[in-house]
Amino acid sequence: MLKAVILIGGPQKGTRFRPLSFEVPKPLFPVAGVPMIQHHIEACAQVPGMQEILLIGFYQPDEPLTRFLEAAQQEFNLPVRYLQEFAPLGTGGGLYHFRDQILAGGPEAFFVLNADVCSDFPLSAMLAAHRHQPHPFLLLGTTANRTQSLNYGCIVENPQTHEVLHYVEKPSTFVSDIINCGIYLFSPEALKPLRDVFQRNQQNGQLEDSSGLWRGAGTIRLEQDVFAALAGQGQIYVHLNDGIWSQIKSAGSALYASRLYLGQYQLTHPERLAKHSPGGPRIRGNVYIHPTAKVAPSAVLGPNVSIGEGVTVGEGVRLRESIVLHGATLQEHTCVLHSIVGWGSMVGRWSRVEGTPNDPNPNDPRAHMDSESLFKDGKLLPAITILGCRVRIPAEVLILNSIVLPHKELSRSFTNQIIL
Amino acid sequence: MVQFHRHHGQEGSILVTRVEEPSKYGVVVCEADTGRIHRFVEKPQVFVSNKINAGMYILSPAVLRRIQLRPTSIEKEVFPVMAEEGQLYAMELQGFWMDIGQPKDFLTGMCLFLQSLRQKQPEQLCSGPGIVGNVLVDPSARIGQNCSIGPNVSLGPGVVVEDGVCIRRCTVLRDAHIRSHSWLESCIVGWRCRVGQWVRMENVTVLGEDVIVNDELYLNGPACCPTSPLATRCRSLGSSCERPAEPRVGQGTLAWASQARTRCVSGSWTGWKQLDTCFCGHKPGGVLVGTPSPPPQEGRAGC
């Protein structure tokens, strides 16, 4: 039997996702129409022998989270439980802390998934590789180009045996073009090295990592403390995958991930993609429309559009490469491109809400999103426009490359601003 | 004006008007009661008077003898001499006046004209659902449904405006076609242009003759040469064309250096890059947006 653990982090993590993370925890943000971790849970539920899914993080178990858990349990017919860490314990500390829960029932192996990745989740392939030759740690890897690999965990592998010979997290010089996807398959033996790290940290007393920050007792960083330390000792192996993969760190990457998942829906969930019907809006490309949304027939949607619950899209609206979150209203003749319109927001007639995409180079199959910073030389870099929760945009204005914080009512056009 | 000229009987009368910023024009210093001009100063550096040459003259044939057979500027060479001899008189214009050499001023002038039309011949202006304020629509123009046209809009012959278009403070010239759901403010759309759907144009955007603007673009103040499809250029510029800082280069020509962002191969922004300009005859109204192109023939209309 198998289990899966999804690491969902907590409010201190995912700060680059603000202001969207003010409303819901980042792991529940809808990507391609469903919460981010629902894609993970769906993939896990399809692996035969999956018995339980555990979420580990340090969010307080509030309304959205508990409702999500209940809905997930019902839909997938699997126990889905949330284990809350008493303090942020790093990417590995929670695994060690809740080891009894994870190992209860004697699973053959358990998947560990980071919540903020978008992937096609080749879990069955990983399981087959593991069963072929069991090792404590199996990492999922993908390829990146040389410059971008510096932003991720780099894996040097033995091409024949696929053993991880060396692992470095975010190096400053090129090490390898194979990067760590944040999706792992561990066997129960993997907890022994975690225990060693934990006990060693306890003995060392006050801990300081390379950035000089004090870390609490019990924190274990999987990447630095375990993978980097154990590389080359025959314990860690990598499984390469060339399907879709992206990190979801910022709103721009959420939009890109949405596009990747919507493309996947052609194969996995074609019923989620909207089709053009007489009397309905014109659909171009991959579009998700929630059944309760009201879209006028003269609107033109797509490609890569997700429309949430209860959204109203007026006559003659153009939506492209955007996510409209639930309860929002787009009045007549508006044009929304490369933007995220927050919950309950309202965009007035003839207004234009536009962002600038920072997508990876489409000509390079190994390109990924750049690690995006908001500013460069003091100027706001052009990026996706984000309207926070309950923002009101008046008629006939332009909002370009801006971030509008929640509950703001604008009165004029803005370009390249963060509007508090 | 003819009456005034005959009354004083001297060689020249010019119409003057009062402006707020006289240093851009030829300034006239004259006597208040008779209108006799004492001095005629072209573009003064310091404030001399707030009355300027409105560009309309009545001249006796005797003035022709003052002009020598070579390129001559009447304002700079002839009028100052006539003023000294007491032969030049000024009459103040009562109505509205605008120098409409620049597109921005052209639009302001259009607003003044429409306002005066409202007072003198209001039946010429258009009214109806979707029409706001002073709007002049040629009888052969067609406007779609759910539009909002005006205030201060003039639509020329053969203009087609599709459904759901909002136009404010614009001049749309003959046979232009504005497609649905677009929003235009303070623009001049040239003859036979085709503006796509969901386009936003503002801030004195000028389209010359036969320009195609692709769907869903945003134009913020560029000026565009005839027959240059703005489509591909703006697309490659990220659909955002910004107004530049200096509108004038050289005497009598107007060139707009358009600035746009380009993206390096490595994916980082290179910052604002100045694209080359091309010059467009003598007519102000600028040019360009995008890659350099050879200067068009002299006197070619439409820019």
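Predicted model: local features only at pLDDT ≥ 70, side-chain atom pairs only at ≥ 80, totals over all residues.
**Close-up 1. Arginine over a tyrosine ring in chain A.** The ring of A:Tyr96 has the charged end of A:Arg99 over it. The separation from the ring centre is 4.1 Å.

**Close-up 2. The aromatic pair A:Phe17 and A:Phe29.** Over all chains, the structure holds 15 aromatic pairs. In the pair shown, the ring centres are 4.9 Å apart and the planes stand at 80 degrees, so the arrangement is edge-to-face. Both A:Phe17 and A:Phe29 lie in the loop between strand E1 (2-9) and strand E2 (30-31) of chain A, so the pair ties together parts that are twelve residues apart in sequence. A:Phe17 is buried, with a relative accessible area of 0%, and A:Phe29 is likewise buried, at 0%.

**Close-up 3. The aromatic pair B:Phe96 and B:Phe113.** These rings form an edge-to-face pair, with 6.4 Å from centre to centre and 70 degrees between the planes. B:Phe96 is located in the loop between strand E5 (88-92) and helix H3 (103-120) of chain B, whereas B:Phe113 belongs to helix H3; the pair thus links distant parts of the chain, 17 residues apart. B:Phe96 counts as partly exposed, at 36% relative accessibility. B:Phe113 is also partly exposed, with a relative accessible area of 40%.

**Close-up 4. An aromatic cluster in chain A.** One cluster is formed by A:Phe110, A:Phe137, A:Tyr167, A:Tyr184, A:Phe186 and A:Phe227.

Definitions and conventions
Residues numbered from 1 in each chain as written. Chains lettered and ligands numbered in written order. Heavy atoms only, no water. Phe/Tyr/Trp six-rings, centres within 6.5 Å; stacked < 30°, edge-to-face > 60°. Helix = DSSP H or I, 4+ residues; strand = E, 2+ residues; numbered from the N terminus. Buried < 20%, exposed > 50% of the residue type's maximum accessible area, 1.4 Å probe, protein only. Lys NZ or Arg CZ within 6 Å of the ring centre and 35° of its normal.
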